Amino acid sequence: MNRAFNRKKDKSWMHTPDALAKHYIPYNAKFLGNTEVDQPKGTEIVKEAVRKLKFQRHIKKSEGQKTQKVELQISIYGVKILDPKTKDVQYNCQLHRISFCADDKTDKRIFTFICKDSESNKHLCYVFDSEKCAEEVTLTIGQAFDLAYKKFLESGGKDVETRKQIGTLQKRIQELETENSGLKKQLWELEEQLMIAPVPPAGSISLKPPMSTDVFDMVPFSAVTPLVPIPASNGTPPPPTTTSPPDMSKDLFGAEPFDPFTCGQADFPPDIQSRLDEMQRQRWRGSKWD
């Protein structure tokens, strides 16, 4: 580990070793952001980064945007930057990747540190604004480095490798949690779609609507039933259908129409039969004169 901080001679450490080794020291601050720098350390390097991020903050304020508030958790393992409400980790800067830390002597509210990104291997300068504890945060990070370096000497370098492995595993866990959240969101969206427009199960058969029936649950009678010609098995067209003229001597049901004059005399009572006979005679006379 590159020992990047030296203990200030006129300042004593503010926290107990156990507070940084077994727990963490929290601070609240405003996060101006981070920007890439060319060098891993240097006062002029961080001054230029501060000027750049301050200018961006003025632009955001003119657009009505507020500076983001964050919580810093400092320990011998690194500096975590979290959302103060949800406690979600936004950045996890491992201590062995931090190469420089300083507070601005011209602006007592500003403090910065430079950390090497684990993915891009670029050096990023993180800039913060704290009204009361800018210098205290810088000293706390320096104390964390001092304790971490002592543990490094005591363990012969094994502790650093262990922390690197732990940091890699923590990063992988965070990636899996993000992926899991995305999959849960997709599953929720699919469930919403299924609730809005249910999909019929595979292999389902759509049934034709049943024919209308009468009050006796019977298909209504149709006097004319269309005949559909069925093609022959050899592929030749079926012969044309021939329709014979209707037999007028029979009614729709195949029965002969009723004629009271052709009925036998025994079929009616005497008074009705005498009346029919009279009508028959008048009918015969009329046909004779014609």
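**A pocket, a sheet and its helices**

The largest pocket has a volume of about 670 Å³. A pocket here is an open set of points, on a 1 Å grid over the protein atoms alone, with protein on both sides within 12 Å along at least five of seven lines. Its volume is the space filled by probe spheres set on the points, which are joined across faces, edges and corners. Of the 25 residues that line this pocket, Tyr91, Asn92, Ser118, Lys171 and Gln174 are the closest to its centre; a lining residue has an atom within 4 Å of a point. Two or more lining residues come from each of S4, S6, S7 and helix H4 (158-196), and H4 gives the most, with 9 residues. Helices (H or I, at least four residues) and strands (E, at least two) are DSSP runs, numbered from the N terminus.

The model is predicted, so local features need pLDDT of at least 70 and side-chain atom pairs count only at pLDDT 80 or more, while totals for chains, interfaces and linings use all residues. Residues are numbered from 1 along each chain as its sequence is written, and side-chain values use heavy atoms, with hydrogens and water left out.

The sheet comes next. It is open and built from 7 strands in the order S4-S3-S2-S1-S7-S6-S5, with antiparallel pairing; two strands pair if DSSP finds at least two bridges between them. Strand S4 (89-94) and strand S5 (98-103) stand at the edges with a single partner strand each, so one side of each has no neighbour in the sheet. From one strand to the next, the twist averages 30°; axes are lines fitted to C-alpha atoms, for helices over the stretch in contact, and angles run from 0 to 180 degrees between N-to-C directions. Strand S1 (residues 25-37) and strand S7 (residues 123-129) pair in the antiparallel sense over 7 bridges, and threonine 35 stands opposite cysteine 125 in S7.

Helices pack on this sheet too. Helix H2 (residues 43-62) lies across S1, S5, strand S6 (110-116) and S7, and runs at about 95° to S1. Helix H3 (residues 134-155) touches S1, strand S2 (68-75), strand S3 (78-82), S5 and S6, and its direction makes about 150° with that of S5. Contact means heavy atoms within 4.5 Å.

Within helix H3 sits glutamine 143, which is buried, with a relative accessible area of 3%. Buried means under 20% relative accessible area, exposed over 50%, and partly exposed in between (1.4 Å probe, protein chains only). Leaving aside neighbours within four places in sequence, glutamine 143 is in contact with Trp13, Met14, His15, Thr16 and Leu20. Glutamine 143 and isoleucine 74 are 69 residues apart in sequence, and their C-alpha atoms are 9.9 Å apart in space.

The structure holds 0 disulfides, a disulfide being a pair of cysteine sulfur atoms within 2.5 Å. For cysteine 93, the nearest cysteine sulfur is that of cysteine 115, 4.1 Å away. Cysteine 93 counts as buried at 3% relative accessibility, and cysteine 133 counts as buried at 12%.

Lysine 87, in the loop between S3 and S4, has a positive phi near 65° and is partly exposed, with a relative accessible area of 44%. Asparagine 121, in the loop between S6 and S7, has a positive phi of about 60° although it is not a glycine; asparagine 121 is partly exposed at 46%.

Key. 1 Å grid on protein atoms, 1.4 Å probe; cavity = no way out; pocket = protein on both sides within 12 Å on 5 of 7 lines; lining within 4 Å.
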